Amino acid sequence: MTVPFHSDKHRYVGGNAERIDALDKVTGAAQYVHDMAVPRMLFGRMKLSPHAHARIVRIDTSKAEALPGVRAVLVGSELDTRLGLYMIDKFILARDVVRYQGEAVAAVAAESEDIARRACELIEIDYEPLPAIFDPEVALADGALLVHPDLHTYRYMKGVFFPRAHSNVAHHQKIRKGDVDKGFAEAYRVFEHKFTNPPVAHAPLETHVTIAQYLPGSRAQIWTSAQSPFTVRNLFAVAFGLPHNSIRVQIPYVGGGFGGKAGIHLEPLAWCLSRKAGGRPVKITATREEEINTLPSRQGLKTHIKTGVTRDGKITGLKVQFLWDAGAYADYGVNIGRAAATSGAGPYEVPNCWIDSLVVYTNKVFGTAYRGFGHLEVLWGVERNLDLIARDLGIDPYELRMRNVLRAGALTITGEKVTANHGRPDLCLEKVAQEIGFENRPKEPVDPKKLPLRGKVRGKGVALLQKAPAMPVFTACSAIIKFNEDASVNVLISGVDYGQGTYTMLRQVVAQELSVPLDKVQVVFDCDTATQPYDWQTVASRFTVMGGNACIEAAHDCIAQLKHVAGQVLRAPENELICEDERVFVRHTPEQSLSYREIVLGYTYPNGNSIGGPIVGRGRYIAQGLTHLHPETGQGKAALDWTYGAHGVEIEVDLETGDIEIVHIASAFDVGKVLHEGMCRTQVQGGVIQGLGSALLEGFVFNDKGRMLNPSFVDYKLLTAKDLPRKMSAFFVETPQLDGPYGARGIGEHPMVSVPGAIGNALRDALGIDFHDLPLNSERVYLALKRARTAKA
């Protein structure tokens, strides 16, 4: 269905206002931490481990310390502080043992980057290599070596995460609904399939970078490229045992994050170097290689799905094992295993479900949040699995999905009842299938043996998706609106806009609620824990709902104050006053009015008496009704809201090279309410392209010693302009979210989810070959074609 983007009721919301940050970014006025330098600043660098797992036998820093220009050298034995958001398992620098190739073992602060780099080269480290483990399945085996022998002593968020002592399991999330054995017994057929996703890089334009200064009294001043000033402050305070008000975190413009800058990363190391250097600020800027090989990535995943279905394709039972390759640390990864499990059946009604989602330590670079938060990985398997089942049963893949899709009245796998306002995945699927002509494709299955050696063939595929914000039950945010002398306003909020367009949307919301022109609303871009109100983190596609609601409440607070002052001046009851077009007037006599400008700083009577004072509005919002999930069944209220969507794709495959070209990809999402049409559309475009990267190209490659072989853009391939689809289409369904601002829900992460599933299904349609492993690069496709052509009948 098409949606209206403008109405008289919503003058600004639903429009297509210019991005609030556009001019500063294209002119170079926007300042990033990469651009910053502060007085007396030193430059930090890290010495990295060449081994995936080894004991640190000896570290000699004497040559580095003697190098002119070096002001501080740190090794892990000097720092006994562990870091982590949900699982506190990582030292600032490796102590005693390194757990992945690329882990930071020592660090230097010096007068220049070159001196710091040379000093790192002069640090001598002797290692005793240890056996390593690179496969989560191997890590689960009885008697497997332990990546973290002291796991049972670590602090973590109890009641939410469930590590297994004396094992490699950092978290085990269980989902249990109904009787899965009964579901399989009632099934006409039972299918089992396995799928894999490799770990991938976030690849933001701006790598991780931070400037930190140790101040007298163990205070901290931090400038950082991160996704939340308050999370950095909180984790920093907890790690070092400092009062929160002694730590100031400032975040200017951020050059992309995609989840990789959530949590805490280089900030503690920079501060510790500053402390050792006598309080001089220290800047650490990750190289591209460090961004990929030292800082966290997206986790890998192995999926095993067992599905029972009736003769007509209705799911009777589903049993899934998700094995997440956490890498060496799991501070954020545990929540991916939890959140993705709650979506582990996809947007389908499953009466009997058993899911085990295990986050498993290995000796690889560690994982963290990544756009989609595990859902791209999970739904790669879920959506490919459904196509495999459909083709074996002789049912159209579209029809199989429609027979199982969640509808009002159904129960999710965590026991949440779907209502009419949850969203309409069926309408999303209907739209994309129609757009790519899915019904008109050839229905006869392709025999790869009969394909010509050269030429190109086409195929079509569809896939559904769902995602809810993955966040703690106490997640909250707040907003402040301050009026200026000319009745313009500044909006203070700490949800970081690192490219997604949040502040432009909030500007529309505030202008709408205050009934002022857009150009009179300025959202302050720099986030500062010392001056701006609290927000948890900018992750999970949560800020449209939570930040939008907080700003609406702050605007309503302003309106109430305006009416309170105006009511006294106009001698009218406040409930008879209207605020519109920068004026307050009496409903039945609009000529009795005051301009906002006359009262926003207080009103002065002709005789000099004054009343009121500066108008400052406050708003807040906290996630409503969330519960912890039951530790044994996973039942509970995990989601603030769900965004559903679908992709339909037509591809063209070169039979000689295995290259895949995207002819047309159509995407539809139930966003509740389109708040900004242009940004919704560009979010879809950007997310789809990022999803295509995961589908077609991206993935880490390691040798048998655990060394990463593609830690730079020389070998780690990203899509370029020549790889873009010939045609992209985006559609929006509007099923209002009752607790969302104007009925809206988030769409930031969702466009990249299920893109690989749609591509994989289209590839099967084109070649008659099933693929279970990502990425679907030309080499993998070419070799699969070669095997299929030479396979014996």
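Is Ala 540 buried or exposed? Ala 540 counts as buried, at 8% relative accessibility; buried here is under 20% relative accessible area, exposed is over 50%, and partly exposed falls in between (1.4 Å probe, protein chains only).

A word on the ground rules. This is a predicted model, where local features need pLDDT of at least 70 and side-chain atom pairs count only at pLDDT 80 or more, while totals for chains, interfaces and linings use all residues. Residues are numbered from 1 along each chain as its sequence is written, and side-chain values use heavy atoms, with hydrogens and water left out.

Helices (H or I, at least four residues) and strands (E, at least two) are DSSP runs, numbered from the N terminus. His 166 isn't a glycine either, and has a positive phi of about 55 degrees. Its loop runs between strand E10 (155–156) and strand E11 (169–177).

| Residue | Phi | Relative accessibility | Class |
|---|---|---|---|
| His 166 | about 55 degrees | 53% | exposed |

Pro 775 is in the loop between helix H17 (755–767) and helix H18 (778–790).

**Cores**

A nonpolar core is a set of buried Ala, Val, Leu, Ile, Met, Phe, Trp, Tyr and Cys residues joined through side-chain atoms within 4.5 Å. The largest one has 219 residues, and the members touching the most others are Phe 483, Leu 514, Leu 562, Tyr 596, Ile 759 and Leu 767. Helix H14 (residues 543–570) supplies the largest share of this core, 15 residues. There's also a second, separate core of 19 residues, with Val 75, Val 98, Ala 110 and Cys 120 among them.

What does Phe 483 touch, leaving aside neighbours within four places in sequence? Its contacts (heavy atoms within 4.5 Å) include Leu 514, Cys 558, Leu 562, Tyr 596 and Ile 615.

**Cysteines**

The structure holds 0 disulfides, a disulfide being a pair of cysteine sulfur atoms within 2.5 Å. Cys 120 is buried, with a relative accessible area of 6%, and Cys 272 counts as buried at 1% relative accessibility.

An open sheet of 3 strands runs in the order E7-E2-E9, with antiparallel pairing; two strands pair if DSSP finds at least two bridges between them. Strand E7 (97–98) and strand E9 (124–129) are the edges, each pairing on one side only.

**Cavities**

On a 1 Å grid over the protein atoms alone, a cavity is a set of points where a 1.4 Å probe fits but cannot get out, and lining residues have an atom within 4 Å of a point. Points are joined across faces, edges and corners, and a volume is the space filled by probe spheres set on the points. The count comes to 5 cavities of 30 Å³ or more. The largest cavity holds about 240 Å³ of space. Its lining is 19 residues, of which Lys 90, Ile 92, His 265, Leu 295 and Phe 366 lie nearest its centre.

How values were computed: 1 Å grid on protein atoms, 1.4 Å probe; cavity = no way out; pocket = protein on both sides within 12 Å on 5 of 7 lines; lining within 4 Å.
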